[in-house]
Amino acid sequence: MSLEVRIQDEIKAAMLAREKVRLEALRAIKAAILLEKTSDGAETISDDAVLKIIMKLVKQRKESAELYKSQNRADLAENELAEASFMEVFLPRQLSEEELESELAKVIEQVGAKGPQDMGKVMGVAARQLAGRADGKAISMAVKKLLQN
């Protein structure tokens, strides 16, 4: 079952269960998928593209929540975080910090990086290999840390 079909099924289930926040989150994903489809003119979209869309939406929700918290709007922040948590269900398990550093050490060895000047080479390979399993910001910080040692 494709991810897009699974999301559609989840929308139906959320409607039947009358789960408002979950339904809003799922509809946001569906809207982003439809927008992507119409911009490309394609009838279908790959699961990888759907994962990228969901990651982008989760990141937006988390950034919005931080903004709301800084403005003392905990009610809006909670809603954004709740939507993000419903969206994260569709993402692969995120790597822990130790797992991320282990994977990056392999990439650094594979690329033959010697120091901070090779960060671009490492980031290019690491971003492709760890797509969906780690946030770009976390990858970048870990690469900097490893290359400075």
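Q: How many helices and strands does the protein chain have?
A: In this predicted model, the protein chain has seven helices and zero strands. Read along the sequence, the pattern is α-α-α-α-α-α-α. The C-alpha atoms fill a box of roughly 55 × 45 × 25 Å along the principal axes.

Q: What share of the 149 residues in the protein chain is buried?
A: Buried residues make up 34% of the 149. Among contacts between residues at least 6 apart in sequence, 59% join residues at least 24 apart.

Q: How do you know that the span of helix α3 agrees with its number of residues?
A: Helix α3 covers residues 47-70, which is 24 residues. At 1.5 Å a residue these should span 34 Å, and the end C-alpha atoms are 35 Å apart, so the two values agree.

Q: Which residues of α3 are buried, and what do they pack against?
A: The buried residues are Val50, Leu51, Ile53, Ile54, Leu57, Val58, Arg61 and Ala65. They pack against α1 (3-17), α2 (20-40) and α4 (74-88). An α-helix has 3.6 residues a turn, so residues three or four places apart point the same way.

Q: Why is Arg61 called buried?
A: The relative accessible area of Arg61 is 12%. Buried means under 20%, so Arg61 is buried. This residue is found in helix α3. Leaving aside neighbours within four places in sequence, Arg61 is in contact with Ala28, Glu80, Glu83, Ala84 and Met87.

Q: What is the phi of Arg18, and where is Arg18 placed?
A: Phi of Arg18 is near 60°, a positive value in a residue other than glycine. Arg18 lies in the loop between α1 and α2. Most residues other than glycine have a negative phi.

Q: Why is Arg18 called exposed?
A: Its relative accessible area is 77%. Exposed means over 50%, so Arg18 is exposed.

Q: What is the phi of Asn72, and where is Asn72 found?
A: Phi of Asn72 is near 55°, again a positive value in a residue other than glycine. Asn72 is found in the loop between α3 and α4, just after α3.

Q: What makes Asn72 exposed?
A: Asn72 has a relative accessible area of 70%. The cut-off for exposed is over 50%, so Asn72 is exposed.

Q: Which residues make the contact of α6 with α7?
A: From α6 come Met119, Val122, Met123 and Ala126. From α7 come Gly136, Ile139, Ser140, Val143, Lys144 and Leu147. By class, the contact has seven nonpolar, two polar and one charged residues.

Q: How do you know that the reach of α7 is close to the one expected?
A: Helix α7 has 13 residues and reaches 18 Å from its first C-alpha to its last. The value expected at 1.5 Å a residue is 18 Å.

Q: Which residues of α7 are buried, and what do they pack against?
A: In α7, Ile139, Ser140, Ala142, Val143 and Leu147 are buried. These residues pack against α5 (97-111) and α6.

Key:
Residues numbered from 1 in each chain as written. Predicted model: local features only at pLDDT ≥ 70, side-chain atom pairs only at ≥ 80, totals over all residues. Heavy atoms only, no water. Helix = DSSP H or I, 4+ residues; strand = E, 2+ residues; numbered from the N terminus. Expected span 1.5 Å × (residues − 1). Buried < 20%, exposed > 50% of the residue type's maximum accessible area, 1.4 Å probe, protein only. Contact = heavy atoms within 4.5 Å. Nonpolar A, V, L, I, M, F, W, Y, C, P; charged D, E, K, R; others polar.
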